[in-house]
Amino acid sequence: MPEDVPALLRETLGVCRPAFGQRDTNYAVDLLRRRPDSWQDTEGNVHVDRGGASLFLAHTDTVHHEDGTQNLFVDDEGRIVSDGTCLGADDGAGLYLLHRMLEAGVPGYYLFCRGEECGSPGSTFAAKHFDWRRIRRCVAFDRANQTNVITHQFGGRCCSDGFAQALADALNAHGLFYKPDETGIFTDSANFMDVIEECTNLSVGYQNQHTACETLDWRFLLRLADACCLLDWDALPVLRDREAEKGELQDLYKARRAPVLHDNADRSDEDFDWPQGKARQKFHSDTYDNPYDDPYETWPTYTEKEEEEEEENEERTPAKELTLADLRDKPMGELEAWVESVPASAVLEAMYGIYDEAWEEAWREGREYAKK
Ligand SMILES: [Zn+2]
């Protein structure tokens, strides 16, 4: 391992942290100790508020199957690899970036999310139960490759092209090659699409994530870290027109998925045992005063008859009609037509199917690579 790989990055990548396992939990505890102004919510997320109007996200868990440590190496092309079931630069790279930005004093709200790899319970909880009205943009550092500023996730637009391009330009001014990219699938920032105007996910330099041949171009990551520390995040434009999106397909779709992912709806304030006293109770209920109108108001209201019809429809439609290959090859228009033609539950079902398929494919590739 070259001497100039930062110790913090080495430490982060050397540990396998399956979601909510002992090592994952230790990471959060260690964070609380290292950052005296940090605090933890009941879902285990660690928050550090350093002002500003930008929210920065990375997730603490990795897709390793077992808790433990692993050895790190550098491959022929100078990228970091490991002898574990994966490297875990997804999202060790994101964690490293958040620490670098904290050290550099970049204003922002830093959220270390829990459980991204098992359905994102951490960010789902955080998006719903805290007051984000001050925040205008949300950036997850959790994307493979080196050039993507994600504009679409989970079947809808998550940030405007103008914002994505401005962010790409700002990064590229520091010698990087980012551009807007609409092929996002899902990460923690998708959970904030209803409450924060501009939400994106940025490439952080890992490749083949979730597989034994995951690599990290650490020199790229260091360049990105330097750029992120110099960037004036709060100067980036906020352009996503949530009003114009209303009534559009993706809003209907988002509204329908909300009850599925937000599984805390039946808990009340009293159920939460806040670790740091009343001052931390920024909690708000479903009816909180949202500047963009109550997102729940846009849920379609059904009569009983419509509900019955819908159920019948859902029974008739085979749940999985879309494959990973479709997602890659089909033009956007055709995909939209498909989404419109089937019930929302079928869309959700297909997305889970596609996720599993992608995971299996990456896993197979990893096994083959490991055999060589
Ligand atoms: Zn990730």
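Of the 372 residues of the protein chain, 38% count as buried. The model is a predicted one. The protein chain has 12 helices and 16 strands.

Q: What makes Asp-41 count as buried?
A: A residue is buried if 20 or more other C-beta atoms lie within 10 Å of its own. Asp-41 has 22 other C-beta atoms within 10 Å, so it is buried. Asp-41 is located in the loop between β2 (38–40) and β3 (46–49).

Q: Which residues does Asp-41 touch, not counting residues up to four places away in sequence?
A: Asp-41 touches His-47 and Ala-126. Asp-41 and His-129 are 88 residues apart in sequence, and 9.9 Å separates their C-alpha atoms.

Q: Why is Asn-145 called partly exposed?
A: Partly exposed covers the counts between exposed, at 12 or fewer, and buried, at 20 or more. Asn-145 has 16 C-beta neighbours inside 10 Å, so it counts as partly exposed. Asn-145 is in the loop between β9 (137–143) and β10 (148–150). Its phi is near 75°, a positive value in a residue other than glycine.

Q: Why is Asn-208 partly exposed?
A: Asn-208 has 19 other C-beta atoms within 10 Å. Buried needs 20 or more, so Asn-208 is partly exposed. Asn-208 lies in the loop between β15 (206–207) and β16. Asn-208 is not a glycine, yet has a positive phi of about 55°.

Q: How do you know that the span of helix α6 agrees with its number of residues?
A: The expected span is 1.5 Å times one less than the number of residues. For the 13 residues of α6 (residues 218–230) this should be 18 Å; the end C-alpha atoms are 19 Å apart, which agrees.

Q: Which residues of α6 are buried, and what puts them on the same side?
A: Trp-218, Leu-221, Leu-224, Ala-225 and Cys-228 are buried in α6. They cover an arc of only 110° around the axis, so they are on the same side of α6. The elements that cover these buried residues include α1 (7–13), β7 (80–82), α3 (89–103) and β16 (215–216).

Q: What kind of peptide bond joins Asp-90 and Asp-91?
A: The bond is cis, with omega about 10°. Asp-91 is in helix α3.

Q: Among contacts between residues at least 6 apart in sequence, how many join residues at least 24 apart?
A: In the protein chain, 80% of these contacts do.

Notes. Residues numbered from 1 in each chain as written. Predicted model: local features only at pLDDT ≥ 70, side-chain atom pairs only at ≥ 80, totals over all residues. Helix = DSSP H or I, 4+ residues; strand = E, 2+ residues; numbered from the N terminus. Arc of directions from axis to C-beta. Contact = placed C-beta atoms within 7 Å.
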